[in-house]
Amino acid sequence: MLEVKTLDKPDERRDFPRGHLEAIHMTELDFAVATFEPGWRWTESVAPIAGTATCQMHHYCYMAQGRMHIRMDDGGETEVGPGDVFVCSPGHDAWVVGDEQVVVYDFEGQTAKEYAKQE
């Protein structure tokens, strides 16, 4: 099998307050590019759509641009920036740090299928 798609033409786009997600759906991969504007915070922008207190998605990510702070429900926290690769399990909040737009590539299929999806 060989399958190629381009980020220039995502299969779908989901808009939410202070951000959006563009998803590509392939046979064995669902890939998402999330863009968050300064002031974005998961608990304010996406929680009302998800209906949960914190993000319940599992993320496998590459941080392309900007800085983001992540706080886990168990109290652990960190900040990620350009060039960082990170894994984040369900049960977290996150927010943009500073005044630069954040761009995150997410390789977890669940994110591309469900994140900020309005019914």
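Student: Which residue lies over the face of Trp-95, and at what distance from the ring centre?

Tutor: The model is predicted. A charge counts as over a ring if CZ of Arg is within 6 Å of the ring centre and within 35 degrees of the ring normal. The residue over the face of Trp-95 is Arg-41, at 3.9 Å.

Student: Which residue stands opposite Trp-95 in the strand pairing?

Tutor: Trp-95 belongs to β8. Strand β5, residues 67–72, pairs with β8 in the antiparallel sense over six bridges. Opposite Trp-95 stands His-69.

Student: What is the order of the strands in the open sheet?

Tutor: The sheet has three strands with antiparallel pairing. Its edge strands are β6 (77–80) and β8 (92–97), each of which pairs on one side only. From one strand to the next the twist averages 20°. The order is β6-β5-β8.

Student: How is the aromatic pair of Phe-36 and Trp-40 classed?

Tutor: A pair of aromatic rings is described by the distance of the centres and the angle of the planes. For Phe-36 and Trp-40 the centres are 3.8 Å apart and the angle between the planes is 20°. Planes under 30 degrees apart count as stacked, so the pair of Phe-36 and Trp-40 is stacked.

Student: Are Phe-36 and Trp-40 buried or exposed?

Tutor: Buried means under 20% relative accessible area. The relative accessible area of Phe-36 is 5%, and Trp-40 has 2% relative accessibility. Therefore both Phe-36 and Trp-40 count as buried.

Student: Which residues do ring pairs link into a cluster?

Tutor: The count of aromatic pairs comes to five. Ring pairs form a cluster of Phe-31, Tyr-62, Tyr-105 and Phe-107.

Key
Residues are numbered from 1 along each chain as its sequence is written. This is a predicted model: local features need pLDDT of at least 70, side-chain atom pairs count only at pLDDT 80 or more; totals for chains, interfaces and linings use all residues. Side-chain values use heavy atoms; hydrogens and water are left out. Two strands pair if DSSP finds at least two bridges between them. Helices (H or I, at least four residues) and strands (E, at least two) are DSSP runs, numbered from the N terminus. Axes are lines fitted to C-alpha atoms, for helices over the stretch in contact, and angles run from 0 to 180 degrees between N-to-C directions. Rings of Phe, Tyr and Trp (its six-membered ring) pair if their centres lie within 6.5 Å; planes under 30 degrees apart count as stacked, over 60 as edge-to-face and the rest as tilted. Buried means under 20% relative accessible area, exposed over 50%, partly exposed in between (1.4 Å probe, protein chains only).
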